[in-house]
Amino acid sequence: MKILYVDLQYDYGIKERGRNIIGLDGFKKSFEELGHSVVMFFYDEFLNNTQPMQEGLQEFADKENPDLIFFSLFGEQFEIATLEYLKSKYTTVNWFGDDQWRFDNFTCKYAKHFTYCVTTDKFSIQKYKQLGQENVIYSQWAAINTHKIPEKQEYKYDVSFIGGFHPYRKWFIDTLKKRGINIVAFGNGWENGPLALEEMNELFAISKINLNISNSNSFDMRYLFSHWKAIALLVRSKKSASQIKARNFEIPYFRGFELSDYIPTLESYFDIGEEIVCYNNVDEAEMLIKYYLENEDERERIKEQGHIKALNHHGYIHRLKNVLEQIR
């Protein structure tokens with residue numbers, strides 16, 4: 001099958017942030033590993049001037065004549081007329097990865113203008129159908145299976161965290177440090193800075209415990225009263241619900257033990273307590289960290305079971321194979 005893949009070339013369309021790793025290594029390479037040919041239409045250069053892109057995409061599609069056009073929409077760059085033109089001639093599908101908080105102000109505008117929609121939010125499926133979009137496929141973020149899995153090696157850190165800086169995450173990590181937890185943080189905004197891709201995957205393997213704080217919002221009163229900005233940030237935030245992210249699958253896929261905040265439906269992907277471990281607040285995180293640092297055999301067993309599950313079920317190649325089977 002010939003797939004026209006429409007996405008950003010760079011992370012958030014900003015060249016200085018580097019390649020769009022999920023789009024290029026996750027989606028594109030997985031399509032190719034499944035035996036399909038892929039042609040790319042990048043729209044980074046049109047983010048601030050979308051008008052030329054409308055005819056450009058239509059002409060490119062008519063020239064390539066693909067069997068499927070796969071979109072990963074970033075914003076409102078594409079006009080409804082453009083999407084309807086493509087839908088009238090080709091099978092089109094879009095990956096909606098943030099429906100937990102963007103459905104009502106973004107997805108609802110576009111859902112009916114694709115042949116198929118993919119959502120990572122189980123609880124938005126009915127919303128699609130209420131709009132009249134019956135061709136909705138439930139999928140999920142994943143690990144990039146085209147990246148090398150680190151070899152087993154000696155541990156360097158007790159606890160590590162990788163993710164963008166946020167006041168709540170800083171409060172959470174600082175609270176653990178005050179309680180005697182030896183934890184190190186990496187990512188944009190942290191003192192240690194971000195890691196290269198290979199370094200990130202290796203960090204999962206050389207950390208005894210990988211802390212995942214997927215939700216940057218919290219109603220923990222201790223956090224809200226820790227700084228005046230905390231309440232202001234919560235009020236301004238557009239994210240009203242937590243969501244499963246790629247990190248939930250990357251940690252075990254690349255040989256890491258995952259301690260994650262609980263997110264609804266996470267139990268559909270891992271056996272909690274047997275393949276990953278979850279906490280609900282900073283107190284539970286402290287308790288679980290101390291327990292699994294002391295009980296190495298149990299920790300290693302859970303880590304290995306999580307790795308096997310992710311390896312066999314939670315790469316992008318598994319997600320896209322299922323999506324394409326449902327489209328066919």
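**View 1. The largest nonpolar core of this predicted model.** This core holds 26 residues, and V6, F71 and F78 touch the most other members. Several elements give two or more residues each: the strands β1 (2-7), β2 (37-42) and β3 (68-71), and the helices α2 (51-64), α3 (80-89) and α4 (99-110).

**View 2. Surroundings of F78.** Residues up to four places away in sequence are not counted here. A second, separate core has 24 residues, among them F161, I173, V277 and I302.

**View 3. Cysteines without a disulfide.** A search of the whole structure finds zero disulfides. For C108, the nearest cysteine sulfur belongs to C117, 12 Å away. C108 is partly exposed, at 29% relative accessibility. C278 is buried, with a relative accessible area of 16%.

**View 4. Helix α6 and the residue just after it.** Helix α6 covers residues 167-178, 12 residues in total. At 1.5 Å a residue, the helix should span 16 Å. Its end C-alpha atoms are 16 Å apart, which agrees. The buried residues of α6 are Y168, R169, W171, F172, I173, T175 and L176. One of them, I173, is also in the second core. Just after α6, G180 takes a positive phi of about 90°.

Methods. Residues are numbered from 1 along each chain as its sequence is written. This is a predicted model: local features need pLDDT of at least 70, side-chain atom pairs count only at pLDDT 80 or more; totals for chains, interfaces and linings use all residues. Side-chain values use heavy atoms; hydrogens and water are left out. A nonpolar core is a set of buried Ala, Val, Leu, Ile, Met, Phe, Trp, Tyr and Cys residues joined through side-chain atoms within 4.5 Å. Buried means under 20% relative accessible area, exposed over 50%, partly exposed in between (1.4 Å probe, protein chains only). Helices (H or I, at least four residues) and strands (E, at least two) are DSSP runs, numbered from the N terminus. Contact means heavy atoms within 4.5 Å. A disulfide is a pair of cysteine sulfur atoms within 2.5 Å. The expected span of a helix is 1.5 Å times one less than its number of residues.
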